[in-house]
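The sequence and the model come first.

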Amino acid sequence: MSNSITEPTPRQKWVAGILVVGYALVTILPLIWILTTGFKTPADAIAYPPKVIFEPSLEGYVNLFTTRTRQTQEFLAAHPPQTWYEEIVRKYDMVIVGPSRYGERFLNSVIIGFGSTFLSVFLGTLAAYAFSRFKVPLKDDLLFFILSTRMMPPIAVAIPIFLMFRSLGLSDTHLGMILLYTAVNISLAVWLLKGFIDEIPREYEEAALIDGYTRFQAFYKVVLPQAATGIASTAIFCLIFAWNEYAFAALLTSGTAQTAPPFIPTIIGVGGQDWPAVAAGATVFLVPVMVFTIILRKHLLRGITFGAVRK
Amino acid sequence: MFDSPMQRAARATPPEIARRIRGLSDRTVAWIFVSPTILLLLAVNIFPLIWTINLSFTNFRANRPNRAIEYVGFENYQRILTDGDIWLTMQATAHFLFWTILLQVLIGFTLAWLINRKFKGNDLWTTIIVLPMMLSPAVVGNFWTFLYQPQIGFFNYIVSFFTGVDPASFQMIGDVPLAPWAIVIVDTWMWTPFVMLICLAGLRSIPGYIYEAAEIDRASRWRQFWTITLPMVLPFLMLAVLFRGIENFKMFDLVVQLTGGGPGSTTELTSINLKREAFEKWRTGYASAYAVILFVTIFGLASIYVKALNKVKER
């Protein structure tokens with residue numbers, strides 16, 4: 001590839017590098033702001049001018065995971081704080097009365113995310129294999145139909161789904177949300193996995209079939225191991241989508257099955273949003289996705305374009 | 001040698017067919033593999049779609065499920081298409097679509113072009129730039145309301161630092177002229193990397209020998225850009241625009257958390273407007289007609305666009 005004419009000069013590389021690094025630094029500022037605000041006290045968080053250097057505090061995280069009430073001086077004097085986190089809330093004459101809802105909401109995100117990811121990758125792998133290897137009647141139409149389900153605005157589908165879930169008793173349940181997210185993710189799973197399976201040479205299975213394997217065995221013992229990387233990255237994309245989804249969660253869940261995205265903006269402190277707690281909640285919620293993004297970086301393009309662009 | 005008829009038949013059977021007899025036929029396997037997906041989509045996508053179409057001809061209200069449903073014909077459609085507020089919503093959506101796509105294409109392409117200079121560490125910085133796009137739009141959108149706070153907000157502080165404007169003098173979210181730009185800024189921040197990644201793939205797909213040939217022909221750098229780089233990246237760029245167009249036409253989570261459609265209804269994009277009709281005013285029949293119109297619009301525009309895209313690809 002590299003040769004004297006098409007290779008950029010060192011000076012061009014320097015200029016390009018400085019511009020891109022500059023953009024990158026600006027673009028991650030809001031993310032850094034989320035990470036740091038989580039470790040500020042509420043007073044530091046709303047200070048003017050905004051504080052870049054501050055004394056780190058775990059108040060945001062304590063507030064995120066607990067519910068607190070204000071108590072009288074007599075009560076506080078009679079009950080000295082037992083732990084470091086009780087110590088922190090004492091500053092405001094408060095005591096911890098129990099855990100907050102954040103843990104449950106986070107757990108809901110985990111259950112619904114993993115449940116729907118498993119289902120959509122399982123069903124998607126089967127369908128993708130069939131589309132890749134067999135002459136399915138109306139194949140192109142079916143594939144396009146699967147993709148077109150992604151064009152619907154979620155709010156438009158939410159109306160009948162709301163009614164349907166209400167009559168089936170699926171409103172605000174894990175099962176309902178898992179099925180819904182599976183249906184949304186399956187188009188991505190089928191399209192991505194078809195691309196990955198297309199890349200596995202047919203000769204492998206044909207050899208296995210000649211050796212006496214049945215189709216199922218050939219699929220299970222030959223194709224699946226070959227497609228493992230593709231399946232793993234598809235799974236991460238499905239997981240990230242289900243993890244980030246907001247519209248359906250906000251409209252169809254309110255309590256038992258509510259996930260973290262509709263919950264985090266409702267974290268309220270004294271006099272408005274408790275920004276350090278919101279930032280702490282966002283950090284706990286966003287960092288896993290950042291880690292997955294870094295793991296996935298080689299397949300990122302494929303995932304976000306439904307397999308249309310491959311590097 | 002005398003073979004039994006069975007053995008003779010077995011030898012005459014092509015191996016292809018013999019294999020099929022041993023296990024299930026490929027056709028059966030194909031159906032077993034495809035049908036769960038299709039059934040799920042029929043149940044969760046197509047059935048609701050048909051239900052929506054049906055509801056769109058009624059005056060049904062989901063908060064009064066026991067009231068008798070009356071069929072009203074095309075009344076809902078008529079009311080939507082003649083409603084002035086809906087056209088305001090469409091204008092807000094068009095403003096949002098136009099500026100986000102324009103900015104993301106310009107910045108995204110430029111970044112990709114720069115990253116393609118292959119400076120040291122470009123992979124690391126690409127990954128950092130990509131981060132915002134993978135995060136939950138609702139959670140990030142909510143946090144941006146904090147950055148946009150007058151006086152204490154970090155965004156206002158930065159603007160005031162560079163321009164000297166009083167940071168308490170403007171509210172990105174609260175001021176009518178600024179709010180449409182507040183959502184454009186956050187969407188551009190979030191999704192420019194998407195366009196960038198696709199453009200980068202396009203740039204990397206151009207073989208170096210084309211540029212060598214152009215050099216031999218003494219084509220200027222400028223001319224090379226317009227006659228080689230841009231035309232060859234164009235199909236990729238158009239694909240990126242298609243994805244961003246569909247996504248931003250549906251835009252809900254980010255904007256609802258940022259501005260909630262306000263102030264007034266300056267940033268009330270179609271999805272937010274639809275949510276108000278369906279889940280706040282509970283005009284289910286009316287909202288269903290609205291949903292059908294939106295879907296037909298997206299689907300129609302996307303189909304026309306894909307045809308154009310294919311023409312560009314064929315060139």
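## A loop residue in chain B

Lys118(B) sits in the loop joining α5 (84–115) to α6 (122–134) of chain B; helices (H or I, at least four residues) and strands (E, at least two) are DSSP runs, numbered from the N terminus. The phi of Lys118(B) is near 55 degrees, a positive value in a residue other than glycine. Most residues other than glycine have a negative phi. Lys118(B) counts as partly exposed because 16 other C-beta atoms lie within 10 Å. On this scale a residue is buried with 20 or more other C-beta atoms within 10 Å of its own, exposed with 12 or fewer, and partly exposed in between, with C-beta atoms placed from the backbone.

## Basis of the model

The model is predicted: local features need pLDDT of at least 70 and side-chain atom pairs count only at pLDDT 80 or more, while totals for chains, interfaces and linings use all residues. Residues are numbered from 1 along each chain as its sequence is written, and chains are lettered from A and ligands numbered from 1 in the order in which they are written.

## Chain B as a whole

Chain B contains 14 helices and zero strands. An automatic or database domain assignment divides the chain into domain 1 (5–55) and domain 2 (84–314). The centres of these two domains of chain B, taken over C-alpha atoms, are 41 Å apart.

The C-alpha trace of chain B spans about 105 × 75 × 35 Å along its principal axes. Its radius of gyration is 27 Å, whereas a compact globule of 315 residues would have one near 20 Å; the radius is taken over C-alpha atoms, and the globule rule is 2.2 Å times the number of residues to the power 0.38. Of the 315 residues in chain B, 39% are buried. Among contacts in chain B with a separation of 6 or more, 71% join residues 24 or more positions apart; a contact requires C-beta atoms, placed from the backbone, within 7 Å.

The contact between the chains takes 81 residues from chain B and 87 residues from chain A. On the side of chain B that touches chain A, helix α3 (residues 26–55) gives the most, with 15 residues. That side divides into 56 nonpolar, 14 polar and 11 charged residues. Here Ala, Val, Leu, Ile, Met, Phe, Trp, Tyr, Cys and Pro count as nonpolar, Asp, Glu, Lys and Arg as charged, and the others, Gly among them, as polar.

Beyond its neighbours within four places in sequence, Ile198(B) contacts Leu301(A), Thr305(A) and Val309(A), along with Phe236(B), Leu239(B) and Ala240(B).

## Features of chain A

In α12(A), 12 of the 17 residues are buried, including Phe237(A) and Trp243(A).

Phe306(A) lies in the segment after α16 (300–304) of chain A. Although not a glycine, Phe306(A) has a positive phi of about 55 degrees. Phe306(A) is buried, with 20 other C-beta atoms within 10 Å.

Terms used
Two residues are in contact if their C-beta atoms, placed from the backbone, lie within 7 Å.
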